[in-house]
Amino acid sequence: MASSSRVTVPAFTALKSSDQKICMLTAYDFPTAQLLDESGIDAILVGDSLANVIQGRETTIPVTLDEIIYHAEIVCRAVRRALVVVDMPFLSYHTGVDQAIENAGQILKQTGCQAVKLEGNAGQAAIVSSLVDVGIPVMAHVGLRPQSIHQMGGYRVQRDRDSLLRDAQAAQQAGAFAVVLECLPVAIATEITEHVQIPTIGIGAGNGCDGQVLVTHDMLGLTSCYVPRFVRKYADLSEAARLAIGQYCQDVRSGEFPGDEQSYQ
Ligand code: KIV
């Protein structure tokens, strides 16, 4: 049972040593964020997956700082308890420490979120530590990194154990408070989880991680596009919506809606 007090960054990190796994899902709008928060989720990610889910794009690369801030501000307004983490878009932290601080600072100031997430290997450690140094909590993201999809050659399971372990340890050393592990074999993700002191949040990384994250639209069956094998569909809301919309059209066309109950006399 989740407690009703706010999940702060230290409280989130402390969950690693609790006996409960950490639950995290994505949101990009007010009603979804409110639903997740009321359901007792530990953390909400305003992911740059909004490119795929909301904007109908092929990759996350086109997402802009303004777009992520727009969605994150809406999400933060809905959330009372969960930790809100916001993705830093592609090229918003790559050209240097000053740019990264400026953009992460804008995200925190304009949205009210508590932390940012950024994708990177050990090469991004200096960026992570520069943000942490000015008081901006960072969740790292290693393994499959969708912002580097062209360089990585596709959405594939990442199997280079040594460099994955090095990337996660570098993130921890740089001060990240948690690390997302995307698309790793169970054994490697479990080994990383045992070797770092910060929580590991898996997506397609098996059940040895300290927590799990999924794209909410995927797990609710709201995505019409390709859904990866690592997603478990907990509902089929697309089908329910299709049935409801079909019934509405039928009722309007037949004159059955609106009825007396929906009409003013
Ligand atoms: O953008 C996103 O939604 C993510 C998660 C899937 C980890 O980065």
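How many salt bridges does the count come to by the rule used here?

1. The count comes to seven salt bridges, a salt bridge being a side-chain nitrogen of Lys or Arg within 4 Å of a carboxyl oxygen of Asp or Glu. The model is predicted, and local features need pLDDT of at least 70, side-chain atom pairs count only at pLDDT 80 or more, and totals for chains, interfaces and linings use all residues. Residues are numbered from 1 along each chain as its sequence is written, and side-chain values use heavy atoms, with hydrogens and water left out.

2. Glu 73 and Arg 77 form a salt bridge, with the closest N and O atoms 2.7 Å apart. Both are in helix α4 (residues 65-78), four residues apart, so about one helical turn separates them. Helices (H or I, at least four residues) and strands (E, at least two) are DSSP runs, numbered from the N terminus. Glu 73 is partly exposed at 27% relative accessibility, and Arg 77 is partly exposed at 47%. Here buried means under 20% relative accessible area, exposed over 50%, and partly exposed in between (1.4 Å probe, protein chains only).

3. Asp 87 and Lys 117 also meet in a salt bridge, at 2.8 Å from N to O. This pair links distant parts of the chain, 30 residues apart: Asp 87 is in strand β3 (residues 83-87) and Lys 117 in strand β4 (residues 115-119). Asp 87 is buried, at 2% relative accessible area; Lys 117 is buried, also at 2%.

4. In helix α11 (residues 237-254), Glu 239 and Arg 242 lie three residues apart, about one turn of the helix. Their salt bridge has its closest N and O atoms 3.0 Å apart. Elsewhere, salt bridges that share partners join Arg 161, Asp 162 and Glu 191 into one network.

5. The largest pocket holds about 1,000 Å³ of space. On a 1 Å grid over the protein atoms alone, a pocket is an open set of points where a 1.4 Å probe fits, with protein on both sides within 12 Å along at least five of seven lines; lining residues have an atom within 4 Å of a point. A volume is the space filled by probe spheres set on the points, which are joined across faces, edges and corners. Of the 40 lining residues, the closest to the centre are Tyr 155, Glu 182, Asp 218, Pro 228 and Phe 230.

6. The second largest pocket has a volume of about 360 Å³. Its lining has 15 residues, and those closest to its centre are Gln 212, Leu 214, Phe 230, Arg 232 and Tyr 234.
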